[in-house]
Amino acid sequence: METRTLGTTGFKVSSIGMGCVTFGREIDEATSFEIMDYARERGINLFDTAAAYHKGASESVLGRWIAERNCRDDIVLASKVNGVMTRDHVLQSADESLKRLQTDRIDLFQLHHWVNETPLEEALGALQELLDSGKIRAIGCSNWCAWQLSKALIHAARTNTQPIQSIQPPYNLVQREIEADVLPLCADQHIGVISYSPLGAGFLTGKYRRGQDVPKGTRFDVIPGHQPIYFTNRGYTVLDQLDQLSSETGMSLVELSLAWALSRENITSVLVGARNLAQVDQAFDSRCTELPKDLFDPLDDMAPGK
């Protein structure tokens, strides 16, 4: 497994990371343990969770696994704070996450979403307090756009405090907005990029089709909020083009989508979620897949708006 340095943190993280959103929500603890054991055996050392994932259940499952396997020093542990970003909330959320994760420090603590209701300076000040206390070792953000990240970087420069060191955006063949400004900004400022949703929450597997009903029990049925992002003309156009490439190459839509996501420049690590071991293997197989050079151009041409 290839490892890469995450921004200025000094952490060496695996190029494939384990997204823990399914733990305690879509799969039970025993299956979650099995997946994490397998991921670790295959060289994954980045494990990403959040307080918001099933009201802390994901953190609790991950914490029990870390304690039982006694592997805290062998992994890079990332989590996120959600909700209002007042000082008290950020500090309390960190303490609650530490308790659920059964550890004395979180390697990467991230602001889960941009919140207009709280001054950014207050949230960043709380993160600095956590850094100073040793409860967290690095700070990041998730689901921010370029101007929001820039505002945080300007604040850090003015106050001589720790700047944001990583960002976690969605990135796949449909959602490519970060290519315009977020990725160039991160490259210029040496900020790590941990991308997620390489399969578009399952949209790029081909199970959803233009004009057809959403299959019952699938993610887009259970979480309909995903639908406006992908159920668009350009989303289905990308899917049509993937179908064509799949027919021409003999590669599945999943293989093509994952191989593309895992080959992108300026991405430190790609988070993959899993409900079974086969889905972990799927990511590794795609990581080892060398896309023919003549495939890159049509895949890149699938950018939204083209």
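## Helix α1 against helix α11

Axes are lines fitted to C-alpha atoms, for helices over the stretch in contact, and the angles between N-to-C directions run from 0 to 180 degrees. In this predicted model, the axes of helix α1 (residues 29–41) and helix α11 (residues 277–287) cross at roughly 25 degrees and come within 9 Å. Angles under 35 degrees count as roughly parallel, and α1 and α11 are therefore roughly parallel to each other. The crossing in which α1 passes α11 is right-handed.

On the α1 side, the contact involves E34, I35 and Y38, which meet L277, V280 and D281 in α11. Sorted by class, the contact of α1 with α11 has 4 nonpolar and 2 charged residues, and no polar ones.

## Helix α2 against helix α3

Helix α2 (residues 57–69) packs with helix α3 (residues 87–101) at an angle of about 45 degrees, and their axes are 7 Å apart. The two helices, α2 and α3, are therefore oblique to each other.

From α2, the residues E59, S60, L62 and G63 make the contact, together with S97, R100 and L101 of α3. By class, the contact of α2 with α3 comprises 2 nonpolar, 3 polar and 2 charged residues.

In soluble globular proteins, nonpolar side chains tend to be buried together. The largest nonpolar core here has 88 residues, of which W144 and L149 touch the most other members. Helix α10 (residues 253–262) supplies the largest share of this core, with 8 residues.

Leaving aside residues up to four places away in sequence, W144 touches L111, H113, W114, L120, L149, A152, I164, I167 and V182. There is also a second, separate core of 10 residues, which includes L46, V76, A78 and A138.

Not counting residues up to four places away in sequence, S195 touches P169, Y171, I267, S269, V270 and L271.

G217 is found in the loop between β9 (192–195) and α7 (219–222). The relative accessible area of G217 is 59%; exposed means over 50%, so G217 is exposed. Along the chain, G217 and D28 are 189 residues apart, and a distance of 17 Å separates their C-alpha atoms.

Key:
Residues numbered from 1 in each chain as written. Predicted model: local features only at pLDDT ≥ 70, side-chain atom pairs only at ≥ 80, totals over all residues. Heavy atoms only, no water. Helix = DSSP H or I, 4+ residues; strand = E, 2+ residues; numbered from the N terminus. Parallel < 35°, antiparallel > 145°, perpendicular 65-115°, else oblique. Left-handed = near helix turned anticlockwise from the far one by under 90°. Contact = heavy atoms within 4.5 Å. Nonpolar A, V, L, I, M, F, W, Y, C, P; charged D, E, K, R; others polar. Core = buried A, V, L, I, M, F, W, Y, C linked by side-chain atoms within 4.5 Å. Buried < 20%, exposed > 50% of the residue type's maximum accessible area, 1.4 Å probe, protein only.
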